[in-house]
Structure formats: C-alpha cells, structure tokens
Amino acid sequence: MRPIGVFGGTFDPVHYGHLRTAFEMLQALKFGEVRFVPCGDPPHRGETWASARERFEMVRVAAEGQGGFVVDDRELRRDGPSYTVDTLVELRKEFSDRSLGLILGMDAFLGLPRWHRWEEILGVAHIVVAHRPGWRAPDMGPLGELLNEFGTHRVQDLHDETHGRIHIHAVTQLEISSTEIRELVEAGRDPRFLMPDAVRDVIARTSCYGKLDDRL
Ligand code: ATP
C-alpha cells in the first residue's frame, strides 16, 4: 500500500503552484494518492475571500480527471476551526497501517510551530516539505532540531515507516500565489493560465474575487 499524501490549504483559489506540487509528489515520491483537504475555517488567517463551498468546488474541478488526486471535504463538514492535527488523527484511524505524508510548502513548514498541537503531527504522519521560491530550510530553532533528528533524504523511508520522518523535496518552482491571483482579479485582470480553465470558470461564475470580464 503506497503512502497517502495529505495536502491541506486554504486554496483561495487553488492554482498551478499547488497542482504541480501535488503531481510531482505523487510521481516522485510514489504516493498512492494525494488528498487535497481544503480547510473550512482557517485558524491562522482572517476570513477567506471565497466561501468554503466555493473553495472546495474549485479544488474539485481542478482535481477532476487526474488519477491519484482525491478531494476530501472533512474539514468543511467539521464544526469550529480546522486543525490539521485533527484531520491527520482521523486519517490515521481510517488508514491504520498506511503511511501518511503531510505535504507543506516551505513557507507553511516554517510557520509550523504556531500550529495547534503541532508536536503531535509526526506521531501520526510524515511531513513532506516542498521547496518554494525564496524560502530556505531552517537550520536552527525547533524546526532545525526536528530536521536534524527526523529529516531523511531517502524516499523509501516514507514507505517503510508510516509516520515520523521529514523529507524536503524540490519541486518545479512556480511563483504563483493565491494572494496574487485575488489581487489580479480585484484589479480587473484575468487570471487565465495560472490555474486550470475549470477553476477560472468557477471564479467567473461566482464573482468570488470580483467580476471577471469574459470578453477579454
Ligand atoms: P496565499 O497567497 O493566500 O497565502 P497560497 O498560494 O500560499 O495562498 P495556500 O492555500 O495557503 O496557498 O497553500 C496551501 C499549501 O500550498 C501550503 O503548504 C503552501 O506552502 C503550498 N503552496 C502554495 N503555493 C505554492 C507554490 N506556488 N508552490 C508550491 N507550494 C505552494
């Protein structure tokens, strides 16, 4: 049984930076699936722009037709703030002997010590960190120590053990962010080619970031 990659995020909106990262992880790390888990109520950030349903719908259409991409709505169904650790504990119960790998961009990894019960994560899952442009792996502090102790360069370790390792993996650097996309649309510009057309269609249909002029 191959590992399950767990890719959480606000996905406000999902874009090719996310999708390419997930796809490269699926292939290079030989994961059985990458499970996108859009968060319901993000505890570390203010309000989202698009609603939870709209964000879920964008991820759903983005993943459609790609073998190995799964979209999981458990954080939308759960009341209260979405904590990644709760999701991982739930998945661990569902897939008791399967390897789980939480996929994080380097920026998200650096913020990990601010997450709710973050020390428990390695007790249920591996952490797989995707390099993002402009970010460096920590070599000091709690994350530097964690990397020293649990870091591994061997992909096989993520298969042989079900949790407890940290693996940093370089992915194609796509300097795309959801923030930039929202600002683009707000400014009346078109986000085409930063995301699948099906995601752009949801943005156009719902006007969740402002009106898109379809004549452009
Ligand atoms: P925002 O600009 O609103 O902060 P974002 O583009 O970083 O959003 P999130 O939904 O917050 O998107 O990110 C979910 C996960 O995807 C995080 O772990 C983040 O590090 C990672 N990620 C986001 N953009 C990229 C990218 N271009 N390349 C690789 N990983 C990314």
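**Salt bridges and a negative patch in a predicted model**

Asp-197 and Arg-192 form a salt bridge, and their closest N and O atoms are 3.9 Å apart. A caution before I go on: this is a predicted model. Now, how covered is that pair? Asp-197 is partly exposed, at 43% relative accessibility. Arg-192 is partly exposed too, with a relative accessible area of 32%.

Next, the overall picture. The protein chain has nine helices and six strands. Its radius of gyration is 17 Å, close to the 17 Å that the globule rule gives for 216 residues, so the chain is as compact as a globular protein of that length. The C-alpha trace spans about 55 × 35 × 30 Å along its principal axes. As for burial, 49% of the 216 residues count as buried.

Back to the charges. How many salt bridges does the structure hold? The count is 17. I'll take two more of them.

One joins Arg-74 to Glu-94, with the closest N and O atoms 2.9 Å apart. Arg-74 sits in helix H3, residues 74–77, and Glu-94 sits in helix H4, residues 84–94, so this pair ties together parts that are 20 residues apart in sequence. Look at the two ends of that bridge. Is Arg-74 buried or exposed? Arg-74 counts as buried, because its relative accessibility is 8% and the cut-off for buried is under 20%. Glu-94, at 47%, counts as partly exposed.

What about cover here? Asp-157 is buried, with a relative accessible area of 8%. Arg-165 is buried as well, at 17%. Asp-157 and Arg-165 are both buried. Asp-197 and Arg-192 are both partly exposed.

Now the surface. Which residues form the negative patch? They are Glu-175, Glu-180, Glu-183 and Glu-186. Take Glu-175 as the example. Glu-175 lies in the loop between strand E6, residues 166–169, and helix H8, residues 178–186. Glu-175 counts as exposed because its relative accessible area is 55%, and exposed means over 50%.

Two last stops. First, Gly-141. This residue is in helix H6, residues 141–150. Gly-141 is partly exposed, at 32% relative accessibility. From Gly-141 to Leu-104 is 18 Å, C-alpha to C-alpha, and the two are 37 residues apart in sequence.

Then Asp-213. Where does Asp-213 lie? Asp-213 is in the segment after helix H9, residues 197–206. Its relative accessible area is 29%, so Asp-213 is partly exposed. The C-alpha atoms of Asp-213 and Leu-194 are separated by 16 Å, and these residues are 19 apart along the chain.

Terms used
Residues numbered from 1 in each chain as written. Predicted model: local features only at pLDDT ≥ 70, side-chain atom pairs only at ≥ 80, totals over all residues. Heavy atoms only, no water. Patch = residues over 30% accessible without salt bridge, like charges linked within 9 Å, V, L, I, M, F, W, Y side chains within 5 Å. Areas by Shrake-Rupley, 256 points an atom, 1.4 Å probe, with all protein chains shown as cover. Salt bridge = Lys/Arg side-chain N within 4 Å of Asp/Glu carboxyl O. Lys, Arg positive; Asp, Glu negative; His and termini not counted. Charge placed at Lys NZ, Arg CZ, Asp CG, Glu CD. Helix = DSSP H or I, 4+ residues; strand = E, 2+ residues; numbered from the N terminus. Buried < 20%, exposed > 50% of the residue type's maximum accessible area, 1.4 Å probe, protein only. Rg over C-alpha atoms; globule rule 2.2 N^0.38 Å.
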